[in-house]
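Trainee: I would like to learn how to read a structure feature by feature. Where do we begin?

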Amino acid sequence: MTDCVFCKIIAGEIPGTLVFQDGQVTAFRDLNPAAPTHILIVPNQHIASINSLADQDEALVGHLFTAARQIAAQEGIAEGGYRLIINTNAHAGQTVFHLHLHLLGGTPLKYPMG
Ligand code: AMP
Ligand code: ZN
């Protein structure tokens with residue numbers, strides 16, 4: 001999508017601090033981090049939200065989680081712990097409509113949510 005900020009980061013058209021990229025997903029640091037480690041993991045293909053997933057995207061969703069596991073290890077937060085969040089639409093506060101998995105860690109995180 002031409003007007004999508006995450007599509008532009010994936011394509012290298014606007015700057016992003018990439019931490020991982022392969023043929024299916026890209027991961028980059030959140031511009032406004034909510035924790036010492038705050039990384040967004042996104043499909044390279046434009047998918048607006050979880051609501052827009054198709055049945056054939058199951059493997060892609062699995063790959064997002066595999067990337068999250070590898071990046072958490074790479075960032076040194078796997079043992080200490082981390083949180084994965086996906087916001088969907090207004091009630092969850094989704095602001096960028098390109099599916100993304102937030103990976104948060106590096107400090108004890110506040111709980112409960114919601
Ligand atoms: P959400 O509220 O789940 O839609 O989260 C969107 C996230 O994208 C927020 O945490 C923003 O700080 C982050 N964000 C927005 N624009 C950029 C950008 N250009 N580069 C990195 N992160 C961004
Ligand atoms: Zn997009």
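**Reading the ligand site**

Mentor: Begin with a contact: a backbone N or O atom of Val96 lies 3.1 Å from an oxygen atom of ligand 1. Keep in mind that this is a predicted model.

Trainee: Which side chains have an N or O atom 2.8 Å from an oxygen atom of ligand 1?

Mentor: There are two to look at. One is the side chain of His100, where an N or O atom is 2.8 Å from an oxygen atom of ligand 1. The side chain of His102 also has an N or O atom 2.8 Å from an oxygen atom of the ligand.

Trainee: How much of the accessible area of ligand 1 does the protein cover?

Mentor: On its own, ligand 1 has 510 Å² of accessible area, and the protein covers 83% of it. The space that ligand 1 takes is the largest pocket.

Trainee: Which elements give two or more residues to the shell around ligand 1?

Mentor: They are helix H1 (5-11) and S2. The largest share comes from H1, with 3 residues.

Trainee: Which residues come nearest to ligand 1?

Mentor: There are 16 residues around the ligand, and the nearest of them are Asp30, Asn87, Thr95, His100 and His102.

Trainee: Is His38 buried or exposed?

Mentor: Buried means under 20% relative accessible area. His38 has 7% relative accessibility, so the residue counts as buried.

**Charged pairs**

Trainee: How should I read a salt bridge?

Mentor: Start with the general idea: side chains of opposite charge can pair when their charged atoms come close. In this model the count comes to 1 salt bridge. The side chains of Glu75 and Arg29 form it, with 2.9 Å from N to O.

Trainee: Where in the chain are Glu75 and Arg29?

Mentor: Glu75 is in the loop between helix H2 (58-74) and strand S4 (82-85), while Arg29 belongs to strand S2 (residues 25-29). The two are 46 residues apart, and the pair links distant parts of the chain.

Trainee: What is the relative accessible area of Glu75, and what is that of Arg29?

Mentor: Glu75 has 24% and is partly exposed. Arg29 has 34% and is partly exposed.

**Burial and backbone**

Trainee: What does a residue at 0% relative accessibility count as?

Mentor: The case here is Ile71, found in helix H2. Ile71 has 0% relative accessibility, so this residue counts as buried. To place Ile71 against another part of the chain, take Gly105: the two residues are 34 apart along the chain, and their C-alpha atoms are separated by 11 Å.

Trainee: Which residue has a positive phi although it is not a glycine?

Mentor: Asn89, with a phi of about 65 degrees. Asn89 is in helix H3 (residues 89-92). With 34% relative accessibility, Asn89 counts as partly exposed.

Trainee: Where is the peptide bond that is cis?

Mentor: Look at the bond from Tyr111 to Pro112, which is cis with omega near 5 degrees. Pro112 lies in the segment after strand S5 (101-105).

Methods:
Residues numbered from 1 in each chain as written. Chains lettered and ligands numbered in written order. Predicted model: local features only at pLDDT ≥ 70, side-chain atom pairs only at ≥ 80, totals over all residues. Heavy atoms only, no water. Salt bridge = Lys/Arg side-chain N within 4 Å of Asp/Glu carboxyl O. Helix = DSSP H or I, 4+ residues; strand = E, 2+ residues; numbered from the N terminus. Buried < 20%, exposed > 50% of the residue type's maximum accessible area, 1.4 Å probe, protein only. Near = heavy atom within 4 Å. Polar contact = N/O pair within 3.5 Å; in protein donor to acceptor, adjacent residues only side chain to side chain. Areas by Shrake-Rupley, 256 points an atom, 1.4 Å probe, with all protein chains shown as cover. 1 Å grid on protein atoms, 1.4 Å probe; cavity = no way out; pocket = protein on both sides within 12 Å on 5 of 7 lines; lining within 4 Å. Sits in = over half its atoms within 2 Å of the grid points.
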